[in-house]
Amino acid sequence: MAEQNEESPAAQETAAALDPAAQKNAQLLDLLNRLFGADTFTDVEEPYGLLTVTTTRERIHDIISGLQQDQELQLNFLTTMCGIHYPENEGKELGMIYHLHSLINNIRLRIKIFFPIADPVVPTMTDLYSTANWMEREAFDFYGIIFSGHPNLIRILNVEDMDYHPMRREYALEDGTREDKTDLFFGR
């Protein structure tokens, strides 16, 4: 993806003209830059034809609210919202990914935010999308991300007295002392 960002604007326009999805993504990115400013989004990518942008947690609520209310885009469906953990990214260990979809215009957009594990607070989206309620509870349950303003931020799948967040990459995937799991039995 880094090669795409280093191409000249003329080469990008030529590629977009040949690919309808790339053309649609270029128009969407242009509109996003006009609505929120060119400095709002970083790490613009198009994996598998899905426009993906990164922004900050301080701006995420305003951006998603603006996209939901925009009459041209009509990104009125929060498809997915999930937590991620990259322990090797100093100061940006935790993150959230938001997938927005316009059912009318068939536009999809992925927005990412990253923040330090020591300060895992993100604004809630429950005031914009009812579906955010359970997705935020899941991200809290598995990653420990705290959603300020959430109406009922409690664990959703794990027991309440659990004192850790199991999807963080802080725990070994397997117990290395087990003797019943040998490579002989599992083809490794």
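Q: Which residue in E2 is the bridge partner of Thr42?
A: In this predicted model, the partner of Thr42 is Thr54 of E2. Residues are numbered from 1 along each chain as its sequence is written. Local features need pLDDT of at least 70, side-chain atom pairs count only at pLDDT 80 or more, totals for chains, interfaces and linings use all residues, and side-chain values use heavy atoms, with hydrogens and water left out.

Q: Why are E1 and E2 called paired?
A: Pairing requires that DSSP finds at least two bridges between two strands. Two bridges join E1 to strand E2 (residues 52–55), so the two strands pair, and they run antiparallel.

Q: What makes E1 and E3 the edge strands?
A: Strand E1 (42–45) and strand E3 (77–85) each pair on one side only. Strands are DSSP runs of E with at least two residues, and helices are runs of H or I with at least four, numbered from the N terminus.

Q: How do you know that helix H3 packs on the sheet?
A: Contact means heavy atoms within 4.5 Å. Helix H3 (residues 20–36) touches E1, E2 and strand E5 (107–115). Its direction makes about 55° with that of E5, where axes are lines fitted to C-alpha atoms, for helices over the stretch in contact, and angles run from 0 to 180 degrees between N-to-C directions.
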